[in-house]
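Subject: Two-chain model, handover and findings

Hello,

Here is the structure we talked about. Please have it open while you read the notes below.

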Amino acid sequence: MKKRRITSLAAVGAAAALVLAGCAGGEDDAPVDVADDVQLEGSSTFDAIQERGSIVIGVKEDQPGLGYLDAATGERSGFDVDIARWMAAELGFEEDQIEYSAIPSANREQELVNGNIDMYVGTYSITDDRKEQIDFAGPYAITGQGLLVGADNDSIQSDSDLSADVTVCSATGSTPIQNIRENYDAEPVEYDTYSQCIAQLEDGSVDAVTTDELILLGYAAQSPDTLQIVGEPFSEELYGIGIPQGDDAFRDFLNDALENGGDTWTEIWDNNLGATGIEGEQPAVDRY
Amino acid sequence: MGVITDNLDIWIPALLGTLRIFFFGLIIALVLGFIVGAMRVSPVPIARVMGSAYVNFVRNTPLTLMFFIFAFAVPPLIGYNNREVLGILAIGLYTATYVAETVRSGINTVPVGQAEAARAVGMSFGQVMTHIVLPQAGRSVIPPMMSVIIAFLKNTTVAAGFSIINLGMMRSYMSERGENMMVVLLWVAAIFVVLVFILGAIQNFLEKKLKVAR
């Protein structure tokens, strides 16, 4: 009981921090200075960006704390969005030269292959299957599949409690729900967006919501009185920056930027997710 | 082909899901559609009003909204939560309105004089319907009815957004497994083409079987 009080306190703090971060918003809190005169030889993606004069970045906009669009103010916030801003700044583009494009998970590879976006930053797990169509810079974050349940739920403490009478919700066809379908007895429930799952969890139609713990953290921070995260992550996901395949110069540039960022990463983490009480650590870049 | 053979564990449940929604939804749609269609032409005023209220209300509602109502609003109200059953109900009730209108248009193709003549020789409303009107109406209604059924078959993919496994979900599943989405979508389209061909063949068969010299 005591432990829960502490976590919910932390979550209240997180919610407050999220609100504050949202208010501050805008270019003022850009964590890094925009670079001048960026030279990047042999990168077709960068050439296209320069010709256009703006950079098109694919993001999520329905994940509080990670990639979120405030419909009222039009302000984008979150860890992923700030990483995207950082990368754009390293490439020499200011906030008003960034075009955000909200792209659902299932369309990400195709949009990169078609060249509709220059890069994608939005809870994009690095997998070998995806590497056949696109390339990844990074990783820039590590997480794993976690469980979000109602604050008054005592019966689900970890993934081993996912028995046949438990319903678990996640995004349609996502890796976490495929994992539930294949390896657990629990009944899978699938909706297009996480917010629909959260709504079902809050009215008791499902028992748990599962996806990467980072995503769940954002929701837990939003509703600390009704939601809680239980157990340890039971998979490992590495988030990368999706870029068109074969553009090694562009990938090296982004990897260098991530590696040489100093405290920038920690600052972005603390601004967005630090208040959840979870210590973030920047993962080492993987130059495959 | 690898897209399918490597992922049979999900293609087969998805195909079966589509067929289940189609089969049970069709039963609801046809039974209810015939009843409502008959209500709309019946001599009882209250039945006519109820029939047209149902058709106009439900037919003017987007199918997605029907699913939303049955997925998010109905369970808390009635405490019943089988998503597949509720989804089949949603699409069945929706399609029933189209079936009802098709049935009604078929009935209207039979000249009123025939029904009046049947009444004049002492047949009841039920007898007029089953012996005179419906045999003729049924024949003329086959092509538009099959169009309704084909549209219904394709509409089943809307259920993918509401936690009912079917072919409409394949895109999300396969993209997560790193398959090429265009290939996946082409396969889904090919499966639907085959299913629609089967329906078309049934239509031809019925038209030939029920054909009469006029």
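Two residues are in contact if their C-beta atoms, placed from the backbone, lie within 7 Å. On that basis, among contacts in chain B between residues at least 6 apart in sequence, 73% join residues at least 24 apart. For chain A, the corresponding share is 74%.

First, the ground rules. This is a predicted model, where local features need pLDDT of at least 70, side-chain atom pairs count only at pLDDT 80 or more, and totals for chains, interfaces and linings use all residues. Residues are numbered from 1 along each chain as its sequence is written, with chains lettered from A and ligands numbered from 1 in the order in which they are written.

Chain B
Chain B has nine helices and zero strands. Helices (H or I, at least four residues) and strands (E, at least two) are DSSP runs, numbered from the N terminus. The C-alpha atoms of chain B fill a box of roughly 70 × 45 × 20 Å along the principal axes. Of its 214 residues, 34% are buried. Buried means 20 or more other C-beta atoms within 10 Å of the residue's own; exposed means 12 or fewer, and partly exposed is in between, with C-beta atoms placed from the backbone.

One helix pair deserves a look. In chain B, α6 (residues 112–120) and α7 (residues 125–155) pack at about 135°, with axes 10 Å apart. Axes are lines fitted to C-alpha atoms, for helices over the stretch in contact, and angles run from 0 to 180 degrees between N-to-C directions. α6(B) and α7(B) are therefore oblique to each other. The classes are roughly parallel under 35 degrees, roughly antiparallel over 145, roughly perpendicular from 65 to 115, and oblique for the rest. From α6(B), Gln114(B), Ala115(B), Ala118(B) and Arg119(B) meet Val128(B), Ile132(B) and Val133(B) of α7(B). That contact has five nonpolar, one polar and one charged residues. Here Ala, Val, Leu, Ile, Met, Phe, Trp, Tyr, Cys and Pro count as nonpolar, Asp, Glu, Lys and Arg as charged, and the others, Gly among them, as polar.

Where the chains meet
The contact takes 16 residues from chain B and 18 residues from chain A. On the chain B side, α4 (63–78) and α8 (170–176) each give two or more residues. α8(B) gives the most, with five. By class, this side of chain B has six nonpolar, six polar and four charged residues.

Chain A
Chain A comes to 10 helices and 13 strands. Buried residues make up 47% of its 288 residues.

Start with α2 (residues 44–52) of chain A, whose buried residues are Thr45(A), Phe46(A) and Ile49(A). Seen down the axis of α2(A), they fall within an arc of 95°, so they line one face of the helix. The arc is that of the directions from the helix axis to the C-beta atoms. These residues pack against β1 (55–59), β13 (237–244) and α9 (248–259) of chain A. Gly53(A) follows α2(A), with a positive phi near 80°.

Last, Ile180(A), in α6 (residues 175–183) of chain A. Ile180(A) counts as buried because it has 26 C-beta neighbours inside 10 Å. Leaving aside residues up to four places away in sequence, Ile180(A) touches Val168(A), Ala186(A), Pro188(A) and Thr210(A).

Best wishes
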